[in-house]
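Biologist: Can you take me through this model? I'd like to go part by part.

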Amino acid sequence: MTDLSRSLALHGAVLALLFALQFVLPAYHHGNLARVMVLASFAMGYNILFGYTGLLSLGHALFFAAGMYGMGLSINQLGASPGPALLAGLAAGLAVSAALGALALRTTGVAFMIVTLMFAQAGYLTALYFGTYTRGDEGFVIQQAERVLWGFDLSDATIRYFAAFVLFALCLLTVLWLVHTPFGRVLIAIRENEERARMLGYDVFAHKLAAVILSGTMSALAGACYGLLFGYVGATFATVQYSIFPLLWVLLGGAGTVLGPLIGTLFMFYLIDLSSAVTTAYMLIAGVVLVLLTLYAPQGLAGELRARVWRWLP
Amino acid sequence: MEFGPYLMLASLEGAVTAAVLALTAVGLSLVFGVMRVVNVAHGEFFMLGAVLAWWLTGLIGGHPALGFALALVVVPVLVGLLAVAADMTVLKRIGYDPERTIVATIGLLYIIQQVTLMTYGPEARPVAPPFNTRIALPWVEWTGGGLQLYWPWGLSTTSYKLAVIGAAVVVLVGVWALMTHTRAGLLMRATQMDRDMALAFGIPVERVYAAVFGLGAGLAAFGAVLVVPIQQAHYLMGGDPLLLSFIVVIIGGLGSLPGTVLAAVLVGLSDGIISVFFSPTLAKILATLLVALVLVFRPQGLFGVRRA
């Protein structure tokens, strides 16, 4: 088998497994997995920038929230139906990521991390400042009647699972396709050695900007879907914590691997779910995992797997 | 009250903010300057200083001044030692790689914060100030006979607030003297200028790093002990000092100590005055945007000099 057909078989099998799981899972885990798939889409968006382009952003909550508010506010304030609202969320993510990319990409390394952090913080504060529309930290609920997309009621558990699955599959296939295109190869070349990529004649800035936009828009789509599927929009999703989460998921699962974000999200979601039953200080787990990962497994789970067993893993 | 006395009161409050901010930010700036890493857990060392001060003053009975004086000496050392331990167990092992250090210190941030939540709890707790006399402040006005001093109602400060400003100035002068006039300072500056050359001359760079990381955390803790009689100790109180220190360090020029102090005074003073005219949230939005744009368009900081 060639590497390509191997990877297609593996990812196809993962998708088939996720599709089949909805028929056997008990209700609680059924709901959880739908949530994990949407969050994993967010992580996959993050992974395009961090894992494949090598740019560490600390501000992806800004994109997630841009998609969520773009969707939520157009339903809540403009009375849009879910279809156009999703598009509005997507457009908001596109605009915000293009603006942020154009500014933040003038910096590199640590400065890039701080600039993205600061812009995301400004975004969060903006959501609080316009509390009359966004209802701030309290957030607002999207009513069941407003969540019917093309005749499908997204508040129904089965349909919600299926919608989350469609989103996840869409993002997974996009990333899988991306890493096999020449464009994706250039991104990896920039990650490995930016100067060499520049010397070979590639427009590094344009490629990085495209990566930020792609990554931000995918994160925004996940944010818009999260709000629509679970019926809640709030400023919590714009806090620093939601910029740290995708970093944590991707690091844990394996940066620069297609399946890493799913593995990381699934693992972390259940780790926090189990520990929050014991203590309110569940973020302690996140902190410990972050430190242990940087110390012992900077490659993440899928990365270690690739280094030891499946060298062809994309 | 007229505008003049009001402005004076705002500047005095601002000077207290600036004094504590300068201590915290100089700690962050020192770590960045010498070690070239950003310590995201810096605000948590600040918080730990406040919480430990509450714990220690509660432990020591008797006059509040006794426990407080002890806290002022012991707490920064304790926090500094914890930071040294964190440096040796975590940062040293990842080779002070800038990006991995940020991820690791984010992890440390959550560990310190959440362990405090589990042990100290979610309440905000006050610490009694060692002394707290009210001092009425005079203001001048024109009367028929010329300039005259008078004491407007409500224009006052406390002796403790003035002491905070004094203590911060003393410590900052101490840090300056340490950096410029001692052998330890010489080693730090040598490490800052050229790590490899310092290593070649036999300077124990890793021990210098550990000491600087401890010193930076200790300065933040000292600032927190000073501020805790004015502002209560809470497990989430590290967020604002971290953000403000970032702003100060970036505006002052990354790694430049005089620039950091100048920016701290500027930000501390303007913080109070801006909040009078705008809503605090809008002031914060403008401040964070300003920092981001400074980093994008003037990475050497407003007062810094561009390095070759």
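Predicted model: local features only at pLDDT ≥ 70, side-chain atom pairs only at ≥ 80, totals over all residues.

Biologist: Where is Y96(B) found?

Modeller: Y96(B) sits in the loop between α3 (64-91) and α4 of chain B. The phi of Y96(B) is near 55°, a positive value in a residue other than glycine.

Biologist: Is R36(B) buried, exposed or partly exposed?

Modeller: R36(B) counts as partly exposed, because 17 C-beta neighbours lie inside 10 Å, and a buried residue needs 20 or more.

Biologist: New topic, the two chains. How many residues of chain B are in contact with chain A?

Modeller: 32 residues of chain B are in contact with 34 residues of chain A. On the chain B side, the elements that give two or more residues are α4 (98-119) and α11 (280-297). α4(B) gives the most, with 16 residues.

Biologist: And how does that side of chain B split by class?

Modeller: The side of chain B that touches chain A has 24 nonpolar, 4 polar and 4 charged residues.

Biologist: What covers the buried residues of α13(A)?

Modeller: The cover includes α11 (241-253) and α12 (260-276) of chain A, together with α3 and α4 of chain B. The buried residues of α13(A) include M283(A), I285(A), V289(A), L290(A) and L293(A).

Biologist: How far apart are the end C-alpha atoms of that helix?

Modeller: The ends of α13 (residues 283-296) of chain A are 20 Å apart, which agrees with the 20 Å that its 14 residues should span at 1.5 Å a residue.

Biologist: What about the largest nonpolar core?

Modeller: The largest nonpolar core has 194 residues, and those with the most contacts inside it are L248(A), A50(B), A53(B), V212(B) and A221(B). Helix α8 (residues 205-227) of chain B supplies the largest share, 16 residues.

Biologist: Which residues does A50(B) touch?

Modeller: Not counting residues up to four places away in sequence, A50(B) touches A224(B), V225(B), V228(B), A233(B) and M237(B).

Biologist: And which residues of α6 in chain B are buried?

Modeller: In α6 (residues 183-193) of chain B, L187(B), M188(B) and T191(B) are buried. They cover an arc of only 100° around the axis, so they are on the same side of α6(B).

Biologist: Back to chain A. How many helices and strands does chain A have?

Modeller: Chain A has 14 helices and 4 strands. Its radius of gyration is 19 Å, close to the 20 Å from the globule rule for 314 residues, so chain A is as compact as a globular protein of that length. Of those 314 residues, 50% count as buried.

Biologist: Last one, A164(A). Buried or exposed?

Modeller: A164(A) is buried, with 28 other C-beta atoms within 10 Å. The residue belongs to helix α7 (residues 157-180) of chain A. Leaving aside neighbours within four places in sequence, A164(A) is in contact with A34(A), M37(A), V38(A) and L229(A).

Notes
Residues numbered from 1 in each chain as written. Chains lettered and ligands numbered in written order. Contact = placed C-beta atoms within 7 Å. Nonpolar A, V, L, I, M, F, W, Y, C, P; charged D, E, K, R; others polar. Core = buried A, V, L, I, M, F, W, Y, C linked by C-beta atoms within 7 Å. Buried ≥ 20, exposed ≤ 12 C-beta atoms within 10 Å, placed from the backbone. Arc of directions from axis to C-beta. Rg over C-alpha atoms; globule rule 2.2 N^0.38 Å. Expected span 1.5 Å × (residues − 1).
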